[in-house]
Amino acid sequence: MCNPAHFQIRKVTREFNVNGEKLTALDAVSLDIAEGEFVTIVGASGCGKSTLLRLGAGLDTTYSGRISHEGKVVTGPSLDRGMVFQEPRLFPWLTVERNVALGLENSKFTKSEKKRLVEEHLELVGLAGFARAYPHQLSGGMAQRAGIARGLVNRPNVLFLDEPFGALDAITKARLQDELNDIWARERITMVLVTHDVEEAVYLGDRVVVMSPRPGRIRDIVAVDLPRPRERTSAALARVRTRVLESLNSTESKPSVGPRLVEGERGSKSGPLRPAVALAN
Ligand SMILES: Nc1ncnc2c1ncn2[C@@H]1O[C@H](COP(=O)(O)OP(=O)(O)OP(=O)(O)O)[C@@H](O)[C@H]1O
Ligand SMILES: [Mg+2]
């Protein structure tokens, strides 16, 4: 893995004003992400995960501290940084293919390249037959898959994913996890993925960042030093999962919102539908 200073988050604090009260969503959060790394983030609801991703993607710039990408301070959104949101956020008046094509707006590709990329990505997420459908004609999971296709279609340098598979059924979820792993291994896109599923976090991540709430802080970082492709049911992966859960539980001794973390949540028994590709490094 090269360039450990690829994406830097340094002492980032984000405060909100809620009914005249100061709410510290993130408190002096620091994280260095290496080029091509796959970082996963877990933590209780409200601990600032989405806030951190929005800041990283440049969608929110009201913070103290420093966020830089390849040495340049992040001052706003960029084609180099993609985002897959917690909810699909499709435009209801555009077809699925046109929604996905929005991810290519202002990009350097020609019209025919854009068309091919959109088709490839609809195929990738299993929506090839729904290119001309409108969002209201999709199920919730299908809409989320269209959102994933839009985030990936431009092949950003860093992709932030906010619980991208949270609404999916177990089989689709396992398949898309493996697809995402393949894309990451092939394209070397740096990925930062938020999830409530600890199993997903350890299956996909090089490191799992454990956050604690009120104020949002990084509580722990657990390295997943396991070769890929990983075996979902392996004892080694289970040990890392237990370590992450222990860290989360100590973090969440007094949760004010019930955490949605479930050990062995969906998809654990079915295993991958096809093996993830091996990494070059
Ligand atoms: N625009 C906003 N205005 C006021 N408060 C906000 C805003 N956005 C987030 N917050 C607050 O910041 C805190 C962190 O929110 P955030 O959405 O980052 O949490 P999260 O970890 O992503 O939670 P979840 O797992 O439920 O998605 C919460 O207390 C939330 O109420
Ligand atoms: Mg969130």
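Which residue in strand 8 is the bridge partner of L161? The partner is L193. The model is predicted: local features need pLDDT of at least 70, side-chain atom pairs count only at pLDDT 80 or more, and totals for chains, interfaces and linings use all residues. Residues are numbered from 1 along each chain as written, with chains lettered from A and ligands numbered from 1 in written order.

Pairing requires at least two DSSP bridges between strands. Strands (E, at least two residues) and helices (H or I, at least four) are DSSP runs, numbered from the N terminus. From strand 7 the chain passes through helix 5 (residues 170–187) to strand 8 in a right-handed β-α-β crossover; right-handed denotes a clockwise path from the first strand over the helix to the second, with the strands pointing away from the viewer. Strand 3 (residues 38–43) also runs parallel to strand 8, joined by 4 bridges. Here F38 lies opposite M191.

In strand 8 (residues 190–194), 5 of 5 residues are buried (20 or more other C-beta atoms within 10 Å of the residue's own, C-beta atoms being placed from the backbone). T190, V192 and V194 point one way, M191 and L193 the other. In a regular strand, side chains alternate between the two sheet faces.

The largest nonpolar core holds 68 residues. Such a core is a set of buried Ala, Val, Leu, Ile, Met, Phe, Trp, Tyr and Cys residues joined through C-beta atoms within 7 Å. A149, V192, V208 and V244 touch the most other members. Helix 4 (residues 140–152) supplies the largest share, 6 residues.

Conventions: Buried ≥ 20, exposed ≤ 12 C-beta atoms within 10 Å, placed from the backbone.
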